[in-house]
Amino acid sequence: MRLLLLFGIALLICLAIQTTAPLWLPVRALVPNLVVILAVDLGLRHHGVLPAAMAFGMGYAVDVFSGTHVGLNALFLTMVYLLTYEVSSRLMMTNAMVGAVAVFLGAMVTGASPAGVGLATGASGELQALIPALLVQAAVSAALAPLVFSILARLKRAIGLRAKAERE
Amino acid sequence: MKRTLLWRYRVVITCGALMIVSLHMLSTRLGPNAVESWSTAILFEALRPFQSSVTRLGEGGIGLVHDYLDLVNVHRENQKLRLELARVKTEKTHLAELEAENHRLAELLELRQALNLSAVAANVIGADATGVSRTLILGQGTDTGIKPGMAVVSVQGVVGKIIAASAHASRVLLIDDHNSALDAFDQRSRARGIVAGVVDDGLIMKYVGRTDDVKAGDSVITSGLDGTFPRGLLIGSVKGVGRDAPGLFLNVSIKPAVDFRRLEQVLVITQTLPQPPSGKKAKS
């Protein structure tokens, strides 16, 4: 319940930042994908049915504020959670670097997905042209990931949750 | 044994089930249709106060930051005077902002009168959460009569279409999003086509015949045949016409009349437009 509450509030803050920052920043690509960082944190440190459902819920919340394909971010954030969970289950230890790499890849995949679906359903344009902007956004997200992980760890400790991975 | 296996793979099984649910949602609600539901309304309402506050803070914040930087390292004797000056400057910035807002609203009012349709003004309070799709969040919703499917315009031209609305907030699909399309024609030659967004940025006009007379600089306006946008609204101007590629149609790129990044206030047309004959209804 505490985990749900913490990530619920974190999600609202991240969505508020992600939807208002583009109005003030000169380059849209500089706005990090903070929700992916939350999903990766869940995948790295919280293994269970509830965290998986939370990743799906976070994706659905992003779908409400982005694009027109409801379910797309839900699908990809669940996938990011599952892959991070699998990686985390197989590694002896997970640190911020592993998390940052996962965030980078997750941000690239979730960023490219609306365009990919758009192209598959008949939209014009080229996916390659989006790659520089996606790389910048993924890099900014990855650079911020250790800071977000650290803030989340402090908050988890403050409310009595385990900040390290709960391995099965 | 079965129970143990289920327990061991519970995360994978849950994720798999959730991904199937996501795919089901995608397949049943694909396309630029209304993403309206109770969950959408709750999230819109939850974020709206924060988005509105940040937008307001940002408007005044730039002036305040400049004033603060000006005041760093001032002499003590002048501090009081400079603070007074800063206050006046802030007030001036605030007044200038109010004047600019007043000017924009007056322009919107003129536009509303020119359109001769019922419409409501709305503030832009947020942008798309991921950036690849192009949507905006407005600070007005169904309480002011806004509903999904309504046209959104600005003084410069066509902005987009409402795709979701809650009581106090709504979301606009911009015309340069790759899921957006509207019926349009070249104002000079009357050549018709569908203006659609491009995945990697910009606008194109599709299905313009190779024999049609379209030139760079021509204005492209709405045809009114899609039942969403009134006829004659400016979409943009022709940036280039590609005739080299093979095919039945020209490759027409459009420069949007509206700078979507600088939008602060828009007009939502709340009056239902007469529907075109079903045979000519265009994708929008």
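The contact (heavy atoms within 4.5 Å) takes 58 residues from chain A and 55 residues from chain B. This is a predicted model, in which local features need pLDDT of at least 70 and side-chain atom pairs count only at pLDDT 80 or more, while totals for chains, interfaces and linings use all residues. Residues are numbered from 1 along each chain as its sequence is written.

Between chain A and chain B, about 4,800 Å² is buried, with carbon and sulfur atoms giving 69% of that area; buried area is the accessible area (1.4 Å probe) lost by two parts on being put together, summed over both. On the chain A side, α1 (2-24), α3 (49-64), α4 (72-90), α5 (96-120) and α6 (131-158) each supply at least two of the residues touching chain B. The most come from α4(A), with 10 residues.

The largest pocket has a volume of about 700 Å³. Among its 29 lining residues, A:Arg28, B:Gly131, B:Arg134, B:Asp201 and B:Arg261 are the closest to its centre. A pocket here is an open set of points on a 1 Å grid where a 1.4 Å probe fits, with protein on both sides within 12 Å along at least five of seven lines; lining residues have an atom within 4 Å of a point. The helix α6(A) gives the most to this lining, with 3 residues.

Here is the make-up by residue class:

Technical notes
Chains lettered and ligands numbered in written order. Heavy atoms only, no water. Helix = DSSP H or I, 4+ residues; strand = E, 2+ residues; numbered from the N terminus. Points joined across faces, edges and corners; volume = space filled by probe spheres on them.
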